[in-house]
Amino acid sequence: LIFQETITMTRAVPGGASNSQTRTFSSIAIPNPIIIIYGDVFVKVTSTTTTQVTFNVPYLYPSFVTSHPLSQFFVGTTGKVTPASQSVTYAVIRGPA
């Protein structure tokens, strides 16, 4: 484990500016960092470098369909608003070289 932190994220404004947060997890370059997000939260990792990670919580949940070919489940999340604020705990580990 290289780094662990808990931050508070707020969702984006509908049709407005992003709420991205860029966090620095190391002052030296970490080859192949892997970001692990703990808990039942919705946050997107939109960018990762060897020293920083950027998180974003959009205003609406994205829609998705299961990729299992025999499943009849469709999870419709279009139009559902993400939480106004949430704590996000993440950890950074070094990936394979």
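**Entry 1: ground rules**

I take helices (H or I, at least four residues) and strands (E, at least two) as DSSP runs, numbered from the N terminus. I am working on a predicted model, where local features need pLDDT of at least 70 and side-chain atom pairs count only at pLDDT 80 or more, while totals for chains, interfaces and linings use all residues. I number residues from 1 along each chain as its sequence is written, and side-chain values use heavy atoms, with hydrogens and water left out.

**Entry 2: the chain as a whole**

I looked up the secondary structure of the protein chain and found zero helices and eight strands. Read along the sequence, the pattern is β-β-β-β-β-β-β-β. I then looked up burial: of the 97 residues in the protein chain, 26% are buried. Buried stands for under 20% relative accessible area, exposed for over 50%, and partly exposed for what lies in between (1.4 Å probe, protein chains only).

I noted an accessible surface of about 6,200 Å² for the protein chain, with 57% of it belonging to carbon and sulfur atoms. Such areas come from the Shrake-Rupley method with a 1.4 Å probe, and for residues only the protein chains shown count as cover. I also checked the contacts (heavy atoms within 4.5 Å). Among contacts in the protein chain with a separation of 6 or more, 63% are between residues 24 or more positions apart.

**Entry 3: sheet E1-E8-E3**

I followed an open sheet of three strands in the order E1-E8-E3, with antiparallel pairing. E1 and E3 are at the edges with a single partner strand each, so one side of each has no neighbour in the sheet. The twist from one strand to the next averages 30°. For such angles, axes are lines fitted to C-alpha atoms, for helices over the stretch in contact, and the angles run from 0 to 180 degrees between N-to-C directions.

I count two strands as paired if DSSP finds at least two bridges between them. E1 and strand E8 (residues 85-94) run antiparallel and are joined by eight bridges. Along this pair I found Gln 4 opposite Ala 91 in E8, and Glu 5 opposite Tyr 90 in E8. E3 is joined to E8 by six bridges, again antiparallel. There I found Ile 34 opposite Ile 93 in E8.

**Entry 4: sheet E2-E5-E4**

I followed another open sheet of three strands, in the order E2-E5-E4, with antiparallel pairing. E2 and strand E4 (44-48) stand at the edges; each has a single partner strand, so one side of each lacks a neighbour in the sheet. On average, neighbouring strands here are turned by 25° against each other, direction ignored. Four bridges pair E4 with strand E5 (residues 52-56) in the antiparallel sense. In this pair I see Ser 47 opposite Thr 54 in E5.

**Entry 5: the salt bridge**

How many salt bridges does the structure hold? I found one, taking a salt bridge as a side-chain nitrogen of Lys or Arg within 4 Å of a carboxyl oxygen of Asp or Glu. Arg 23 forms a salt bridge with Glu 5, and the closest N and O atoms are 2.5 Å apart. The pair links distant parts of the chain, with Arg 23 in strand E2 (residues 21-24) and Glu 5 in strand E1 (residues 3-10), 18 residues apart. Arg 23 is partly exposed at a relative accessible area of 26%, whereas Glu 5 is buried at 18%.

**Entry 6: the loop between E2 and E3**

Pro 31 lies in the loop between E2 and E3 and is partly exposed, with a relative accessible area of 37%. Leaving aside neighbours within four places in sequence, which residues is Pro 31 in contact with? I found Arg 94 and Gly 95.

The phi of Asn 32 is near 50°, a positive value in a residue other than glycine. Most residues other than glycine have a negative phi. At 42% relative accessibility, Asn 32 counts as partly exposed.

**Entry 7: a nonpolar patch**

Which residues form a nonpolar patch on the surface? I found Leu 1, Ile 34, Ile 36 and Tyr 38, with about 380 Å² of accessible area together. Patch members have over 30% relative accessible area and no salt bridge; like charges are joined within 9 Å, and nonpolar side chains (Val, Leu, Ile, Met, Phe, Trp, Tyr) within 5 Å. I placed Ile 36 in strand E3 (residues 33-38). Ile 36 is partly exposed, with a relative accessible area of 32%.
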